[in-house]
Amino acid sequence: MMLGVLGGMGPLASADFMRQLTLLTRAERDQDHVPAVLWSDPRVPDRTAARLGQAEDPLPMLMRGIRGLEQAGCRAVAIPCNTAHGWFDAMQAATTLPILHIVDAAREELERLEVGEGPIGLMGTAGTLAMGLYQGRIGRECLVPEAALMDSHVSLGIALVKANRVREAYAPLAEAARILRGRGARAVVLGCTEIPLGIAAGEALEFPVVDTVAALARAAIRHVGYASA
């Protein structure tokens, strides 16, 4: 089964998804890997700005990508962008291809990591948090950064990754995660696909984190009938 990857949001996160898709597949040769088509189009309007009423609707460009994946023969779609899932229902209603939901993948990853009951920390774009994308679907209490912490740490870190200043993103993103942990989070969900890239640029955190890029890759591998590592 050919997997379609609707990417470009941002380009580095899409590239990391393809890397994770490869590394997390149990394989001994090229032919054991998941067939996939990456549609990486960074021209999709900014999802956070659109959700906040400050940019045009990204749905037409998202659907353009899905149509391209349909024509390429894909049989399922993964979208390595959390905020784009704010248009999940509209996209799913307009295609017969199953679209994997990144929040469902994050919930499965929490189970795989055996994170016990209790609240989780949630880091993401302002758009993702404003939509309640995780709060309404993941089935746990979510502790989110306050507005000041968003501005000074989380949004800053995301912007640094998008600008290819990945190593600089580690300090603000790691500090924000530690603050959420200090507030009682059992684990922290990195609910923007740029955040895991920033976190990976420094020392590993001393508590469980959910890399939503890796979580979505694992879910995609399972969905298309392959075994994940």
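Is R218 buried or exposed? R218 is buried, with a relative accessible area of 10%. Buried means under 20% relative accessible area, exposed over 50%, partly exposed in between (1.4 Å probe, protein chains only). R218 sits in helix 10. Leaving aside neighbours within four places in sequence, R218 is in contact with L24, E109, R112, S228 and A229. Contact means heavy atoms within 4.5 Å.

This is a predicted model: local features need pLDDT of at least 70, side-chain atom pairs count only at pLDDT 80 or more, and totals for chains, interfaces and linings use all residues. Residues are numbered from 1 along each chain as its sequence is written, and side-chain values use heavy atoms, with hydrogens and water left out.

**Helix 1**

Helices (H or I, at least four residues) and strands (E, at least two) are DSSP runs, numbered from the N terminus. Helix 1 has buried residues A13, S14, D16, F17, Q20 and L21. They cover an arc of only 160° around the axis, so they are on the same side of helix 1. That arc is taken from the directions from the helix axis to the C-beta atoms. Among the elements covering these buried residues are these:

| Element | Residues |
|---|---|
| Strand 1 | 3–7 |
| Strand 2 | 36–40 |
| Strand 3 | 76–78 |
| Helix 9 | 195–199 |
| Helix 10 | 212–223 |

Four strands form an open sheet in the order 5-4-6-7, with parallel pairing. Two strands pair if DSSP finds at least two bridges between them. Strand 5 (142–143) and strand 7 (209–211) are the edge strands, each pairing on one side only. Strand 4 (residues 120–123) and strand 6 (residues 188–190) pair over three bridges. M123 has L190 in strand 6 as its bridge partner.
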